[in-house]
Amino acid sequence: MIFAIYDFTRFKNELPDFNLRLLLNIEDLNNTIFDEVFAVLTPPQQEQYILFKASEEAKEYREKRNAELPYVDFSSLPETFDDDLLQKIMVYQKDGAVRRAVYDALSEDHKGQMARFDSKIREEEKDRSRALMTDEEKRKEQEWWDNYNADPTPRFFGNMGEPDTVTGYILKYGFNPITREPETIESFEKKYTIDPKTGDPILRENKE
């Protein structure tokens, strides 16, 4: 299953800017899935992408992206990542349109390696920061976490060991990671819309 496909099938008309950048990144960084993803687009969407790809905007985006990203050949990844490769791939996780483009190139074991590496780095950074904190700052931090953990508001945080989008999660597990209730793509789309800039779900207004 190519999860990237589901970032496009929900749009029946023009693709948002986020998805145009995402498709450009798929073609450049994870080309083995590009044809299958491109094939799910409507003919007007395909034409829209072809025009975008040839635009000055796309050229500038590519130049900026390439200057910020270390080189990684996602078509030929080793089974086990060393720390150097992990550090490079983690840079790709910082931008949604890049992260989603390379998601399908990563195996479940790869994602597990990345999650463990990310957790290790975060713990090291947290230990360094806490070593510099005063007792009052530590007290305020603990108070914030106590309030956060007491808040019953449902939250969804995509991670590298699971589908990167809510819809991908629903397709894989059959329930909504925001509410933890059984869900289908059809029922989800009746309740949520997608922010065209970020790709994040937004609860539809109740019009009853």
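Which backbone oxygen does the side chain of His110 reach at 2.8 Å? The views below give the answer for this predicted model.

**View 1. The chain as a whole.** The chain holds 10 helices and 2 strands. Helices (H or I, at least four residues) and strands (E, at least two) are DSSP runs, numbered from the N terminus. Along the sequence the order is α-α-α-α-α-α-α-α-α-α-β-β. Of the 208 residues, 38% are buried (under 20% relative accessible area, 1.4 Å probe, protein chains only). The accessible surface is about 13100 Å² (Shrake-Rupley method, 1.4 Å probe). Carbon and sulfur atoms account for 51% of that surface.

**View 2. His110 in helix 7.** Helix 7 spans residues 108-131 and includes His110. The side chain of His110 reaches the backbone oxygen of Pro78 at 2.8 Å. His110 is buried, at 6% relative accessible area. Beyond its neighbours within four places in sequence, His110 contacts Leu77, Pro78, Glu79, Phe81 and Ala105 (contact: heavy atoms within 4.5 Å).

**View 3. Gln48 in helix 3.** Gln48 sits in helix 3, residues 43-53. Gln48 is buried too, with a relative accessible area of 17%. Residues up to four places away in sequence aside, Gln48 touches Glu14, Leu15 and Leu20.

**Notes.** Residues are numbered from 1 along each chain as its sequence is written, and side-chain values use heavy atoms, without hydrogens or water. Local features need pLDDT of at least 70 and side-chain atom pairs count only at pLDDT 80 or more, while totals for chains, interfaces and linings use all residues.

Key: Buried means under 20% relative accessible area, exposed over 50%, partly exposed in between (1.4 Å probe, protein chains only). A polar contact is a pair of N or O atoms within 3.5 Å; within protein, one must be able to donate a hydrogen and the other to accept it, and residues adjacent in sequence count only if both atoms are side-chain atoms.
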